[in-house]
Amino acid sequence: MAGDISGKLTDSDSAGRTGTIGLLKTLNRDELLEVLSQGFCQHCEALLEERIHQLLNKRGSESTVTSDITLISNPVTGKQLARTPLPPPPAANSDILLNDGLGGSGSTSSDNGLSEEQKEHIRFSQVVRKKDFVHMEKINGKSMNVLKGLELHTKVFNAEEQKKIIECVYNLQRMGQKGQLRERTYSEPRKWMRGKGRVTIQFGCCYNYAVDKIGNPPGILREEEVDPLPPLFKQMIKRMVRWHVLPTMCVPNSCIVNIYNEGDCIPPHIDHHDFLRPFCTMSFLTQCNILFGSSLKIVSPGEFSGPVSIPLPVGSVLILNGNGADIAKHCVPAVPGKGISITFRRMDESKLPYNFLPDPELSRIKPFIVSPSSAPQGHHQKPVINSSFVKAIVQQNQHRNDQAIKDKSDQEATKTTKNDSFLCGNDDFPPLSKASKGASRR
């Protein structure tokens, strides 16, 4: 499908057969809706949605151009007056930036004169949330959902904002290479074997992964100093707390950036309890998988196996809490290409570095007030779309997904007793998969 709609479409090919457009022209409205509402992968659906938005925006701009001045009669004098028409209603799309977010002035061609509150309302309503991860294991003789507490959020940062975040990380890497960051902030070890030697940048605290040369145990090194959180990272934290991705009682005050080259990895571990729960991690540049399970095996350098593999879409935010943070271990197998991950965590008050000073910017974050129209429905929230045609497609998708979820719920008890992993149907997220050596590489 992706190959067909990304290339040129013709009414007929060289063999004289009817092409895609020709076939579409033979369908009525209901048949078109059926064709466009099922069987697409997440990438094709995203591409289709993007093209629909482009057409809607184009239609609105053309309407504005052709009628930019309207003559009306003054009811008193009878003279004609020029009137500038109101802008067309905006189509919900992910190009809307916020002044209080990551987009600077927030002025884009798609803003259509919206207020900041209106833009934030639209962007907030587009966030998709998954909270129903399940994988049952026996822990100390008791059956337990070891993924309880995991949440996956997408569309928190749009493409333009992701670009700014990536540029910021690469700028920080250049500063580290030039010695412009504190010594314990930046680390770029020599790559002495596959999977070892990823670049790390720490802010807020210096975290020791293992017993070091002078005998310091794993955990926060309270006597060491690193650089404070960069301004852009604080904006990211504000966005996540304001949009109910992270709770106000656990606002992060530290973070670690990992910069991966192909083949780099993070071995199995449970995050140290010098950091409170929940914490979050997000990925950029390349989609990667994260493995979960109470027992994860090292297959070879950079390769691991475990019962559950969760794909992390680019720009997604994964929240780790409860069993998902404390019972299940997690790891990132060798990544298929260059990537970046950013993990935000809040330090335990008793483990704060001795010279640590709280940031006043992160102490006054007020969560976005959820109105009935923007409140997430169930575990996910679909975009607000001002088009009856697109709404019909979305409604058909939703009906199909609701039916699939209902069918799965009837078999849920059987699946969990067999320790199967599942993720309730949602087109915005790929399903959980059984992890293996082969599955860890794309």
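Because the model is predicted, local features need pLDDT of at least 70 and side-chain atom pairs count only at pLDDT 80 or more, while totals for chains, interfaces and linings use all residues. Residues are numbered from 1 along each chain as its sequence is written, and side-chain values use heavy atoms, with hydrogens and water left out.

A nonpolar core here is a set of buried Ala, Val, Leu, Ile, Met, Phe, Trp, Tyr and Cys residues joined through side-chain atoms within 4.5 Å. Buried means under 20% relative accessible area, exposed over 50%, and partly exposed in between, with a 1.4 Å probe and protein chains only. The largest core has 39 residues, and those touching the most other members are Phe-233, Met-240, Val-257, Met-282, Ile-342 and Phe-344. Elements that each supply at least two residues of this core include helix 6 (159-177), helix 7 (231-242), strand 11 (254-260) and strand 20 (339-345). Helices (H or I, at least four residues) and strands (E, at least two) are DSSP runs numbered from the N terminus. Helix 7 contributes the most to this core, namely six residues. Met-240 has contacts (heavy atoms within 4.5 Å) with residues including Val-156, Cys-280, Met-282 and Phe-344, when residues up to four places away in sequence are not counted. Another core, of 21 residues, lies apart from it; Phe-133 and Ala-325 are among its members.

The cysteines come next. With a disulfide defined as a pair of cysteine sulfur atoms within 2.5 Å, the count is zero. For Cys-265, the nearest cysteine sulfur is that of Cys-331, 8.1 Å away. Cys-265 is buried, at 4% relative accessibility. The sulfur of Cys-280 lies 9.4 Å from the closest cysteine sulfur, in Cys-255, which is too far for a bond. Cys-280 is also buried, with a relative accessible area of 0%.

Four strands form an open sheet in the order 12-19-14-17, with antiparallel pairing. Two strands pair if DSSP finds at least two bridges between them. Strand 12 (266-269) and strand 17 (308-312) are at the edges with a single partner strand each, so one side of each has no neighbour in the sheet. Strand 14 (residues 288-293) pairs with strand 17 over five bridges, and Asn-289 has Pro-311 as its bridge partner in strand 17.

Strand 4 (residues 134-139) has five of its six residues buried, so it is largely enclosed by the rest of the structure. Strand 4 runs antiparallel to strand 5 (residues 142-145), joined by four bridges. Ile-139 stands opposite Lys-142 in strand 5. The two strands form a hairpin with two residues between them, and Asn-140 in the turn has a positive phi of about 55°.
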